[in-house]
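The points are grouped by topic.

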Amino acid sequence: MVLSKASSQSDVSIHSTFASRYVRDSLPRFKIPENSIPKEAASQIINDELMLDGNPRLNLASFVTTWMEPECDKLMMAAINKNYVDMDEYPITTELQNRCVNMIAHLFNAPLGDGEAAVGVGTVGSSEAIMLAGLAFKRKWQNKMKALGKPHDKPNIVTGANVQVCWEKFARYFEVELKEVKLTDGYYVMNPEKAVEMVDENTICVAAILGSTLNGEFEDVKTLNDLLMKKNQETGWDTPIHVDAASGGFIAPFLYPELEWDFRLPLVKSINVSGHKYGLVYAGIGWAIWRNKEDLPEELIFHINYLGADQPTFTLNFSKGSSQVIAQYYQLIRLGYEGYKNIMENCQENAMVLKEGLEKTGRFNIVSKDDGVPLVAFSLKDNSRHTEFEVSDLLRRFGWIVPAYTMPPDAQHVTVLRVVIREDFSRTLAERLVVDIQKVLHELDTLPARVSAKIAATEEHDKNGTVVKKTAIEVQREITTAWMKFVADKKKTNGVC
Amino acid sequence: MVVTTTVSDSDEHLHCTFASRYARTSLPRFKMPEGSMPKEAAYQIVNDELMLDGNPRLNLASFVTTWMEPECDKLIMDSINKNYVDMDEYPVTTELQNRCVNMIAHLFHVPVGDDETAIGVGTVGSSEAIMLAGLAFKRKWQAKRKAQGKPYDKPNIVTGANVQVCWEKFARYFEVELKEVKLKEGYYVMDPVKAVEMVDENTICVAAILGSTLTGEYEDVKHLNELLTEKNKTTGWDTPIHVDAASGGFIAPFLFPELEWDFRLPLVKSINVSGHKYGLVYAGVGWVIWRSKDDLPEELVFHINYLGSDQPTFTLNFSKGSSQIIAQYYQFIRLGFEGYKSIMENCMENAKLLREEIAKTGKFEIVSKDVGVPLVAFALKDGSRYTVFQISESLRRFGWVVPAYTMPPDAEHIAVLRVVIREDFSHSLAERLVSNIQKVLKELDELPPRLSTKAAHVTDVTDETQKGNADQPHPKKSAMETQKEIFNYWRRISDMKTSGVC
């Protein structure tokens with residue numbers, strides 16, 4: 001008699017994912033694995049690794065939208081397999097982009113007649129938009145200098161040291177010199193007078209920021225315009241202005257409609273805005289708008305022939321998804337002017353709640369202004385015992401991501417923490433954040449004892465060699481590093497909600 | 001007694017969407033509307049307009065992926081609110097990108113040790129990838145010339161006239177001269193011999209294409225490498241090669257592993273590939289890989305203090321979604337080498353089926369090769385009665401989007417139809433397409449009467465012009481010219497891309 005034993009290995013496909021062998025193997029990192037694995041296993045494995053990413057909605061570092069209505073999510077998912085650049089095949093999607101361009105151009109008071117089409121394009125973000133705008137300025141300037149018979153090999157751009165990194169990228173990749181107006185303690189945006197002083201005949205444009213990354217301030221574009229107009233009259237150089245309204249472009253028109261910063265100022269020739277910041281769309285969309293046709297040299301535009309009509313295109317990227325363009329249109333018609341206004345007002349109020357809560361602790365200086373992008377930038381009144389970086393690290397334990405960073409030259413000694421108020425940062429969350437900050441401060445206050453113990457330990461260690469005299473800053477840094485490591489090791493226990 | 005009447009306008013939000021006033025008003029086009037509208041209405045309105053877009057899966061013009069598994073769709077949706085560039089906040093997503101870079105680099109036989117990290121980056125598409133690669137070449141060349149004390153103001157790049165439009169963009173935006181090797185009838189890719197002839201001391205690189213947009217052919221990179229190595233020995237210019245493997249990069253390694261086109265060839269310094277073509281991910285992800293650190297000038301890499309931590313970055317775009325990167329990693333581990341190989345084999349078989357059936361009609365000449373990207377490009381044997389543009393136009397009625405193109409110089413007289421075989425183009429769809437093409441041919445065969453009227457019309461116009469200019473010499477129209485006029489007439493009517501081919 002033969003006793004047959006049932007094979008203990010039943011068909012692999014019916015194993016529950018976590019019982020299957022796929023979760024026992026190490027995930028490939030350097031080479032594509034030889035074999036396929038079931039889709040449920042692949043999906044689960046990746047999903048699980050991603051649980052250790054930060055929670056986007058608690059990421060208070062970013063301006064970029066982290067929540068949209070489910071109806072819009074549905075539209076986005078339905079369009080995820082549409083390659084935006086196939087204008088022939090998806091004429092409606094192309095038209096939606098054109099409508100968005102026109103709506104935004106009108107929002108910025110572009111001097112257009114009623115039936116006139118605006119000049120602009122959808123991009124992947126403000127970086128691409130800025131590069132396109134910069135390219136247009138560079139080419140226009142080169143053509144002008146060639147016509148005058150002057151050298152055109154040393155273009156430069158004047159901007160504040162507070163610019164976002166994409167301006168530095170533009171300068172480096174497109175071989176334009178970046179002339180930065182340095183900041184000063186207490187003045188963290190570009191000074192219009194100093195900027196205009198720096199303008200020379202090789203300046204292709206002056207770039208002003210509406211909504212400085214670091215403290216949310218709106219630069220005074222009107223004063224810049226007035227001063228630059230005077231200088232242009234004297235020099236005849238005709239230097240134009242570009243406004244980087246990445247954050248502010250979808251705030252100022254709703255909260256401060258009287259503020260003149262856009263095409264109402266004659267020297268402003270192009271504006272960029274991020275659809276994925278206060279345009280309230282997920283990451284991946286920006287807009288570049290030009291004042292009119294003359295400001296966009298024809299030679300930069302590629303012409304694609306579709307449906308018998310000419311579709312001019314001027315972008316760096318070609319194939320890309322259509323979802324964000326559709327989502328932007330959804331938001332513009334769903335919310336309308338009143339909807340955006342309500343949301344921005346909410347953000348401002350929540351920013352006030354946070355600001356007042358922080359002021360009440362008595363431990364912070366508020367560095368951001370009330371007017372501007374709804375964010376709160378604050379630094380410790382006394383950072384000799386603990387730094388803003390420590391506060392930032394400890395807040396991570398609660399799940400909050402609040403970044404700390406130093407200001408650019410010449411204010412590098414100033415460190416700030418910055419909380420960005422987005423649409424989905426409610427008052428309850430603001431109050432909870434204040435409570436958690438207070439907890440963190442309380443904890444840090446109990447640390448001094450441990451700090452001196454660390455100092456003692458460090459000194460002992462150097463007994464063999466020469467006594468190394470450590471400055472207060474060095475000791476502080478060492479302690480900070482030690483704590484950062486300590487906290488980082490604890491980081492992984494964060495539960496994502 | 002007061003009789004109260006109920007208000008006839010019940011609360012707005014109770015109205016069914018299509019009964020509400022939102023469906024009656026014209027949608028704003030130029031200006032933002034003043035007031036908000038309910039989300040259901042906004043959703044429905046936008047959804048309905050979009051119904052008039054083409055169906056992505058029937059879009060046979062594009063290489064870009066139009067279908068992914070539902071499990072992947074879920075991962076994509078879950079990460080749609082993650083801004084990829086926040087590396088500090090999303091370290092796992094960042095690591096997934098790095099893993100993809102390494103996997104692709106190894107697929108391309110990059111000469112790194114088993115545990116060494118490869119140099120590369122995820123981009124929004126091959127356009128950005130190519131611009132970054134081109135920038136690296138330009139900067140390296142400039143540095144080399146400066147060191148030699150030679151002029152560096154006139155860089156150029158040598159490539160075939162069959163390049164995709166993004167190379168022209170790169171050249172125009174970054175001020176590099178584009179030297180194109182012209183095509184000729186029957187030879188629709190870059191001739192390595194002619195290319196190497198065109199190389200001069202200002203050439204920053206020679207760009208070869210693995211998977212030409214128009215016919216799917218692979219250029220002979222090995223031969224190019226050999227000829228260029230010889231020339232470099234004689235001149236000492238050290239001209240490198242870039243391979244634009246936008247389509248072919250995810251096909252050749254699986255179907256033709258012996259084909260030497262990648263880093264196995266010493267002069268190849270960088271390669272770009274589209275994740276959203278045969279990488280099998282939705283639109284929005286590309287990859288560029290460099291051979292080694294030396295091929296990517298350090299000055300182009302930015303180290304920024306972004307949101308509190310140091311990050312090295314070399315991309316044109318900054319904020320963007322994370323979904324496609326995660327989807328790319330999903331595909332790599334889900335499919336593995338065998339999975340990609342099976343899918344590519346399927347595509348090639350479906351392409352073969354389509355090719356044979358189209359050849360069987362007897363009306364077409366197959367212009368694409370058997371070895372290459374799975375697509376079928378075909379031209380009419382007899383283009384005098386009707387053109388491929390008309391066929392393309394008529395096929396739209398059935399829902400198919402099959403584009404018709406003219407070849408670039410010097411083969412502009414050749415016009416082809418091109419069907420791209422993607423992962424989701426099954427055997428049954430191939431058969432259905434052939435059957436529809438046969439229907440269309442039959443219809444067009446019955447057209448001749450209409451066409452001669454058109455030809456007559458064209459000649460009449462010419463006569464009128466002549467009458468008006470009695471003293472002008474009589475322009476004799478050759479058969480070719482008439483054909484060209486009709487051709488152009490139809491071209492204006494139907495959709496057509498020339499250099500905007502993707």
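In this predicted model, strands β11(A) and β13(A) (residues 415–420) run antiparallel and are joined by four bridges. Within that pairing, A377(A) stands opposite R418(A) of β13(A).

- Strand β11(A) spans residues 375–380 and is mostly covered, with six of its six residues buried.
- Burial extends to both faces of β11(A): L375(A), A377(A) and S379(A) lie on one side, V376(A), F378(A) and L380(A) lie on the other, and all are buried.
- Strand β10(A), residues 364–366, is also joined to β11(A), through three bridges and in the antiparallel sense.
- Within this second pairing, N365(A) has S379(A) of β11(A) as its bridge partner.

**Chain A as a whole**

- Chain A contains 13 helices and 13 strands.
- Of its 497 residues, 58% count as buried.
- Among contacts in chain A between residues at least 6 apart in sequence, 70% join residues at least 24 apart.

**The four-stranded sheet of chain B**

- In chain B, four strands form an open sheet in the order β10-β11-β13-β12, with antiparallel pairing.
- The edge strands of this sheet are β10(B) (364–366) and β12(B), each of which pairs on one side only.
- From one strand to the next, the twist averages 35°.
- β10(B) and β11(B) are paired antiparallel over three bridges, and E365(B) stands opposite A379(B) of β11(B).
- β11(B), residues 375–380, pairs with β13(B) in the antiparallel sense over four bridges; here L375(B) has V420(B) as its bridge partner.
- β12(B), residues 404–406, runs antiparallel to β13(B) and is joined to that strand by three bridges; the bridge partner of Y405(B) in β13(B) is V416(B).

**Burial of strand β13 in chain B**

- Strand β13(B), residues 415–420, is mostly covered, and six of its six residues are buried.

- Helix α9(B), residues 323–360, lies across β10, β11 and β13 of chain B and runs at about 15° to β11(B).
- Helix α10(B), residues 388–395, packs on the sheet as well, touching β10, β11, β12 and β13 of chain B.
- The direction of α10(B) makes about 35° with that of β13(B).

**Contact between α9 and α11 within chain B**

- Two packed helices are described by the angle between their axes and the distance between the axes.
- The axes of α9(B) and α11(B) (residues 427–445) come within 9 Å and cross at roughly 20°.
- Because angles under 35 degrees count as roughly parallel, α9(B) is roughly parallel to α11(B).
- The crossing of α9(B) and α11(B) is right-handed.
- On the α9(B) side, the contact is made by N350(B), L353(B), L354(B), E357(B) and I358(B).
- On the α11(B) side, the contributing residues are H427(B), A430(B), E431(B), L433(B), V434(B) and I437(B).
- By class, the contact of α9(B) with α11(B) comprises seven nonpolar, two polar and two charged residues.

**Contact between α2 of chain A and α1 of chain B**

- Helix α2(A) (residues 70–78) and helix α1(B) (residues 39–50) have axes that come within 9 Å and cross at roughly 15°.
- That angle makes α2(A) roughly parallel to α1(B).
- The crossing of α2(A) and α1(B) is right-handed.
- Chain A contributes E71(A), K74(A) and L75(A) of α2(A) to this contact, and chain B contributes K39(B), E40(B), Y43(B), V46(B) and N47(B) of α1(B).
- The residues of the contact of α2(A) with α1(B) divide into three nonpolar, one polar and four charged.

Definitions and conventions. Residues numbered from 1 in each chain as written. Chains lettered and ligands numbered in written order. Predicted model: local features only at pLDDT ≥ 70, side-chain atom pairs only at ≥ 80, totals over all residues. Heavy atoms only, no water. Buried < 20%, exposed > 50% of the residue type's maximum accessible area, 1.4 Å probe, protein only. Helix = DSSP H or I, 4+ residues; strand = E, 2+ residues; numbered from the N terminus. Pairing = 2+ DSSP bridges. Axes fitted to C-alpha atoms, helices over the stretch in contact; angles between N-to-C directions. Parallel < 35°, antiparallel > 145°, perpendicular 65-115°, else oblique. Left-handed = near helix turned anticlockwise from the far one by under 90°. Contact = heavy atoms within 4.5 Å. Nonpolar A, V, L, I, M, F, W, Y, C, P; charged D, E, K, R; others polar.
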